[in-house]
Amino acid sequence: MEAHIRKATPDDAKAVAGVLNSVIHEGQYTVFTRPFTEEEERSFISSLGERSAILVAEVNHQIVGIQVVDLLVTYTDSMKHVATMGTWILPDFRGRKIGRFLAQESFQFAQCKGYEKVVIQVLASNEPALRFYGHLLKKN
């Protein structure tokens with residue numbers, strides 16, 4: 001499946017929230033427990049600094065997945081080389097390499113922004129995510 005990957009803009013807030021909320025609603029794949037509003041997402045996207053991004057995957061002009069790259073911690077410069085990354089994909093588009101396409105762009109973005117490490121946080125019970133990220137480790 002071919003996906004177009006690009007950086008999210010505030011105009012994408014509704015679709016980004018839709019992807020996040022779909023995964024939250026499943027109740028098993030993310031630490032988030034309450035849905036996000038369009039305005040919360042618009043505010044978040046607008047607040048991202050130069051070294052942070054939400055990358056979106058579009059299939060047939062529909063945002064079907066997102067990946068966030070952000071600074072791991074902001075309270076010390078000693079960790080400015082470490083990013084955090086999170087991935088959310090609509091259920092019908094999982095297993096179609098959307099995550100891999102997003103990760104390629106996310107890793108490239110992180111490297112261009114001076115990150116040397118990328119950290120992920122995954123629920124121990126989220127076996128599909130553990131397999132996905134484990135596969136990325138083998139490739140990179």
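I54 touches R6, K7, A8, V16, E41, F44, I45, L48, I66, Q67 and V68, where contact means heavy atoms within 4.5 Å and residues up to four places away in sequence are not counted. The model is a predicted one, in which local features need pLDDT of at least 70 and side-chain atom pairs count only at pLDDT 80 or more, while totals for chains, interfaces and linings use all residues. Residues are numbered from 1 along each chain as its sequence is written, and side-chain values use heavy atoms, with hydrogens and water left out.

Together with I66 and I98, I54 touches the most other members of the largest nonpolar core, which has 27 residues. A nonpolar core is here a set of buried Ala, Val, Leu, Ile, Met, Phe, Trp, Tyr and Cys residues joined through side-chain atoms within 4.5 Å; buried stands for under 20% relative accessible area, exposed for over 50%, and partly exposed for values in between (1.4 Å probe, protein chains only). Two or more residues of this core come from each of α1 (13-26), β2, β3, β4 and α3. Helices (H or I, at least four residues) and strands (E, at least two) are DSSP runs, numbered from the N terminus. The largest share, six residues, is given by α1. Another core, of six residues, lies apart from this one and includes V69, F109, A110 and Y115. As a general background, nonpolar side chains tend to be buried together in soluble globular proteins.

Next comes the sheet. Five strands form an open sheet with mixed pairing, in the order β1-β2-β3-β4-β5; two strands pair if DSSP finds at least two bridges between them. The edges are taken by β1 (4-7) and β5 (117-120), each with a single partner strand, so one side of each has no neighbour in the sheet. On average, neighbouring strands are turned by 25 degrees against each other, direction ignored. Strands β2 (residues 53-59) and β3 (residues 62-71) pair in the antiparallel sense over seven bridges, and E58 stands opposite I63 in β3. The loop between β2 and β3 holds H61, which has a positive phi of about 65 degrees although it is not a glycine. H61 counts as exposed, at 80% relative accessibility.

Helix α3 lies across β1, β2, β3, β4 (82-89) and β5, running at about 35 degrees to β3; axes are lines fitted to C-alpha atoms, for helices over the stretch in contact, and angles run from 0 to 180 degrees between N-to-C directions. In the loop between β4 and α3 lies K97, another residue other than glycine with a positive phi, near 75 degrees. The buried residues of α3 are I98, G99, L102, A103, S106, F109 and A110. They share one side of α3, because they cover an arc of only 130 degrees around the axis, taken from the directions from the helix axis to the C-beta atoms. Exposed residues Q104, Q111 and C112 are carried by the face turned away from this buried side. One of the buried residues, S106, has a relative accessible area of 1% and touches L55, Q67, V69 and M85, leaving aside residues up to four places away in sequence. After α3 comes G114, with a positive phi near 90 degrees.
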